[in-house]
Amino acid sequence: MTETTKTPVPDAVPTPPPAPRGLIPLPEAAARALLLAGGIATAASAFLAWTWTAEFPGDLTINGYPGGLQWLTFTAGVLTALFALASYGVRGLGWLLPARNNAPLALTALGGFTVTWFTVIAISANLGGVVNLEPGGWIAAIASLLPVLGAFALPQERTGTNGTKEAIKAYIAKPDRIPAAQAIAPWIQRAVITAVTIIGLGVFTYGIDTEYGELFIGYLFVVTFAMWAVHTAGLMDRFSALVAANRSFTLAMGFAAAIAFPFTQTDDHYANIGVNILIFGTVALGLNIVVGLAGLLDLGYVAFLGVGAYTAALVSGSEFSTISGVHLPFWASALAGAAASLVFGVLIGAPTLRLRGDYLAIVTLGFGEIFRIAVNNMDGDSGPDVTNGPNGIANIPDLNFFGFNFGQAHDIGGFTLGRFANYYLLMVLIMAIVVLVYTRAADSRIGRSWIAIREDETAATAMGINGFRVKLVAFALGASLAGLAGTVSAHVTYSVVPTPYQFAGSTPPNSAFLLAAVVLGGMGTVAGPLLGAALLYLLPEKLVFLQDKSLLAFGIALILLMRFRPEGIIANRRRQLEFHETGQLDVPKQTTLTDEPAVTKAGA
């Protein structure tokens, strides 16, 4: 009996996954063409007249020359066209899309669409209807819609950037392992950092110089979508690698840009905004030690700013000072303000830092209110005559260093520096000192102890860390930095009154805004609180036209940011991993010590 040979059945050929498609059913070639044409048309529409009357700010009535918000539409259209050309693989533009994804195209298109339609709606609302739009306004609205349609017709796959990160790190850190032609020369790295610094200074200066609220809102739209696009394109990762390889040079360029800011201003009012941002940012950086590094929730931190300000006001020679005849030089009053805040930090921290979480937050909130009520009552009637009560201490004299009077304008190299510009440069110097103290403390043994306490105080204590002593040092150091900033604040404002030193209010600085600056900017980083302070100071300053709705706009912005980027604008890598799952666009996949992929719950 012969055996029947069975013919093996071939394995079934797996069906290839369907090609990714966009939200709008268009061929990819047509979508890219529509995106490019729409970006060019959006930029070109800025050269048309959008309204017939100059009553709308910015004068959008001229054909052939953009004005006001039209410049923002032009910028967004140019960015959209550049990213579209990069997606075609045009020679010389490939560096714009190292992640090789379509998300930046959609984001730049949305930026142009948002600022254009916001302008059209603002014209209609302010002037009384769409009849006030010229044909150029309608053309701009339609043109800005075209790249959005093209972008959403493209597949929006979540392409990771981990390979890009590793390649860039290899190019910079280990050029001996790759062909010499692909290595990035050190002078090119520094040239890129210099160019980015100049662009950043220009963008920041433009934001401060905006003359009316509508222009500032449009500026926020364009900058937000542009930065989001740059991040998703992988350019942030490239620049972060450059910064990591040139930390000292990057820090020097940052301070050079800060020093150059007052020389770009013709109105001392904008220098006033700059000096207040630096004061606000210095206090936020001190709070970042307490909240970002040590993990202690302090809701009364603005009181330490007040302690420094009142101390400087009492010893700086004001005729309203209750300590008559005392006029210390600035360095002495600055040290006195920092020392007084440090003492108050220790006195408040010693009995309260054994508490944790919500209980510590409630106690610090109480301290902030006690300080405000106390200085309000020290008027000689309700209490001892120390602070003049609600009237405060006025007529604080300007500083004078070796014949350089900070209250007078000075001509330097053909540029005129006004009073606020002088104090701004002084705050840049103090900011450099604070950044040095912060970075040294964060990188020291005590800084690692703060992080250990923040992550798990019980485990840190079990490993031999004295949690109470470590937290007290953080509290005292953060308080002294706030007091140092308060000494300058007293001279800038000419007077010190109890009103600003409260938990919450419509304008900074107050404890709520300080905490928001740290959280929104990025806890545990240096640049994060500074950026958060700049944004939170500019928003109330520029959105005056919203009147009582400014806090509503601020709340909506908080909700959106916490939803899409809870780790802050400039994220600490550890916190980024806490808030996002691995495998997402901006978070590298976790690996074991042997570089094997870590086992996830889904694959266990």
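1. Start with Phe 225 and Trp 228: both sit in helix H7 (residues 213-233), three residues apart, about one turn of the helix. Helices here are DSSP runs of H or I with at least four residues, numbered from the N terminus.

2. A quick word on the model: it is predicted, so local features need pLDDT of at least 70 and side-chain atom pairs count only at pLDDT 80 or more, while totals for chains, interfaces and linings use all residues. Residues are numbered from 1 along each chain as its sequence is written, and side-chain values use heavy atoms, with hydrogens and water left out.

3. Now for the rings. Those of Phe, Tyr and Trp (its six-membered ring) pair if their centres lie within 6.5 Å; planes under 30 degrees apart are stacked, over 60 edge-to-face, and the rest tilted. That rule gives 16 aromatic pairs. Among them, Trp 71 and Phe 74 are edge-to-face, with 5.8 Å from centre to centre and 90° between the planes.

4. Where do Trp 71 and Phe 74 lie? Both belong to helix H2 (residues 69-87), three residues apart, or about one helical turn. Trp 71 is partly exposed at 32% relative accessibility, and Phe 74 is partly exposed at 26%. (Buried means under 20% relative accessible area, exposed over 50%, partly exposed in between, using a 1.4 Å probe and protein chains only.)

5. Back to helix H7. The ring centres of Phe 225 and Trp 228 are 6.4 Å apart and their planes meet at 20°, so this pair is stacked. Phe 225 is buried, at 16% relative accessibility, whereas Trp 228 is partly exposed at 41%.

6. Finally, ring pairs join Phe 47, Tyr 65, Trp 71 and Phe 74 into a cluster.

Notes. Helix = DSSP H or I, 4+ residues; strand = E, 2+ residues; numbered from the N terminus.
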